[in-house]
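This report describes the fold, the surface and a selection of residues of one protein chain. The sequence and structure are shown first, and the description follows.

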Amino acid sequence: MALAMVGVPLALSLGVPLGTFLGGLVEWRGSFLIVSALSVALIAWIIAKVPDAPGRANDDRSSLRHVIATPGVVPILLVILTWMTAHNILYTYIAPFAMAAGVRIDLVLLAFG
């Protein structure tokens with residue numbers, strides 16, 4: 001889970017302010033286009049460079065009920081849900097306060113992140 005979730009703090013602390021900065025420079029459509037192009041390039045790189053690994057057989061997989069019953073999984077998922085919700089709420093509602101205070105939103109988000 002730690003490896004799977006390592007991108008979330010990076011995206012929240014660096015990606016959101018960078019996206020806000022880009023949105024200020026090239027509007028939201030340009031920012032969206034840049035991120036989309038980077039995503040397509042990343043997918044192409046993964047297809048070209050990451051080796052294919054065999055999957056698991058259907059009878060070898062754990063059921064969702066079994067995974068949820070693993071000690072510690074539910075508290076971890078609840079912490080992640082709470083953390084992500086809090087960050088998204090704050091990132092959404094801090095912008096009007098930053099604008100009213102006359103500061104750059106991207107710098108406020110970078111400082112918070």
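The model is a predicted one.

**Overall architecture**

The protein chain contains four helices and zero strands. Read from the N terminus, its elements follow the order α-α-α-α. The radius of gyration of the protein chain is 19 Å, whereas a compact globule of 113 residues would have a value near 13 Å. Along the principal axes, the C-alpha trace extends over about 60 × 35 × 20 Å.

Among contacts in the protein chain with a separation of 6 or more, 60% join residues 24 or more positions apart. Buried residues amount to 14% of the 113 residues in the protein chain. The accessible surface is about 9,000 Å², and carbon and sulfur atoms account for 74% of that area.

**The nonpolar core**

Which residues make up the largest nonpolar core? This core has five members, namely Val8, Leu12, Tyr91, Ile94 and Leu109. Helices α1 (7-49) and α3 (73-101) each contribute at least two residues to this core. Val8 also touches Trp83 and Met84, when residues up to four places away in sequence are not counted.

Tyr91 has a further link, to Phe112 of helix α4 (residues 105-112). With neighbours within four places in sequence set aside, Phe112 is in contact with His87, Leu90 and Tyr91. The C-alpha atoms of Phe112 and Met5 are 19 Å apart, although 107 residues separate the two along the chain.

**Selected residues of the helices**

The table lists the accessibility of individual residues.

| Residue | Relative accessible area | Class |
|---|---|---|
| Ser31 | 9% | buried |
| Phe112 | 38% | partly exposed |
| Ile46 | 38% | partly exposed |
| Glu27 | 53% | exposed |

Helix α1 holds Ser31. Is Ser31 buried or exposed? Ser31 is classed as buried because its relative accessible area is 9%, and the cut-off for that class is under 20%. Apart from residues up to four places away in sequence, Ser31 touches Gly19, Leu22, Gly23 and Val26.

Glu27 is likewise found in helix α1. Its relative accessibility is 53%, so Glu27 counts as exposed, the threshold being over 50%. The backbone of Glu27 has a phi near 65°, a positive value in a residue other than glycine. Most residues other than glycine have a negative phi.

Ile46 is also part of helix α1. At 38% relative accessibility, Ile46 is therefore assigned to the partly exposed class.

**Summary**

The predicted model is thus a chain of four helices and zero strands, in which 14% of the residues count as buried. Its largest nonpolar core consists of five residues.

Technical notes
Residues numbered from 1 in each chain as written. Predicted model: local features only at pLDDT ≥ 70, side-chain atom pairs only at ≥ 80, totals over all residues. Heavy atoms only, no water. Core = buried A, V, L, I, M, F, W, Y, C linked by side-chain atoms within 4.5 Å. Buried < 20%, exposed > 50% of the residue type's maximum accessible area, 1.4 Å probe, protein only. Contact = heavy atoms within 4.5 Å. Rg over C-alpha atoms; globule rule 2.2 N^0.38 Å. Areas by Shrake-Rupley, 256 points an atom, 1.4 Å probe, with all protein chains shown as cover.
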